Amino acid sequence: MTSDQPDLTHITHWVFDLDNTLYPSDAAVMSQVDRRMTEYVARLLDLPHDRAREVQKTYWRDYGTTLNGLMSNHTVDMHEFLDFVHDIDASVITPDPQLAARIKALPGKRLVYTNGSVGHAENIMARLGIADLFDDIFDVAASGFVPKPHREGFDLFADRYALPVPESIMFEDSVRNLKTAHDMGFTTVLVRAKEGPRDEESAAPGEHPDHVHYAVDCLPTFLGEIKTAQSKTE
């Protein structure tokens, strides 16, 4: 390994967001979830589609997630919501053997931290071929339905695994989620969106805010370039 490779030899805990991070942002997953969220809001609040979408996006901006906004303003069955919005076709994702091999090579604990559900994460990870490569999945239910980027959810996550934050790295497509991680002391990696249509939360191509240590356009490529504690001894 050469000296110009990112030095992550201090990292013992590898934390990955799920959607638009472990798979490319141009896979039509979150567009499906987004449509089903609008449909759920329309049914729950008896609103026409256009008005339901306005409410959905307002809640996402103001509360971090649509679900958090619904919980704060209405009576909602959280698990029913998650099951409904995550009832999507995962076949739009292409299995990624290269990603699997590079995650498998990471030394230490590997965790998924998602604002989605465990069931959704398992569905996506199985399709990618990485379901057996992680120690655990921490979902929005495990956080007490406090979503990223709120610090309370991050603290619950860190406490659950006794996370040594200075030795931990977080991979995310969301700039605002990484701001909380950075403030806590994580090493931060922004996985940027590809050119073309993207989810509202995903970072734009070329984006690299000050609180991001590494900004990358391809997660498998980055994981193949880094220097880890294991590779340091090879």
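**Exercise 1.** Locate Ala131 in the chain and decide whether Ala131 is buried, partly exposed or exposed.

*Solution.* Start with the secondary structure: Ala131 sits in the loop between α6 (118-128) and β4. Helices (H or I, at least four residues) and strands (E, at least two) are DSSP runs, numbered from the N terminus. Next, take the relative accessibility, which is 46%. Buried means under 20% relative accessible area and exposed over 50%, with partly exposed in between (1.4 Å probe, protein chains only), so Ala131 counts as partly exposed.

A word on the model: it is predicted, so local features need pLDDT of at least 70 and side-chain atom pairs pLDDT 80 or more, while totals for chains, interfaces and linings use all residues. Residues are numbered from 1 along each chain as its sequence is written, and side-chain values use heavy atoms, leaving out hydrogens and water.

**Exercise 2.** Find which residues Ala131 is in contact with, leaving aside neighbours within four places in sequence.

*Solution.* Apply the contact criterion (heavy atoms within 4.5 Å). This gives Met125 and Ala126. Now look at Arg151: Ala131 and Arg151 are 20 residues apart in sequence, and their C-alpha atoms are 27 Å apart.

**Exercise 3.** Work out the strand order of the open sheet and name its edge strands.

*Solution.* Count two strands as paired if DSSP finds at least two bridges between them. The 6 strands then run β4-β3-β2-β5-β6-β7, with parallel pairing. At the edges, β4 (136-138) and β7 (214-216) each pair on one side only. Finally, zoom in on one pair: β2 (residues 13-16) and β5 (residues 168-172) share 4 bridges in the parallel sense, and Phe16 stands opposite Phe171 in β5.
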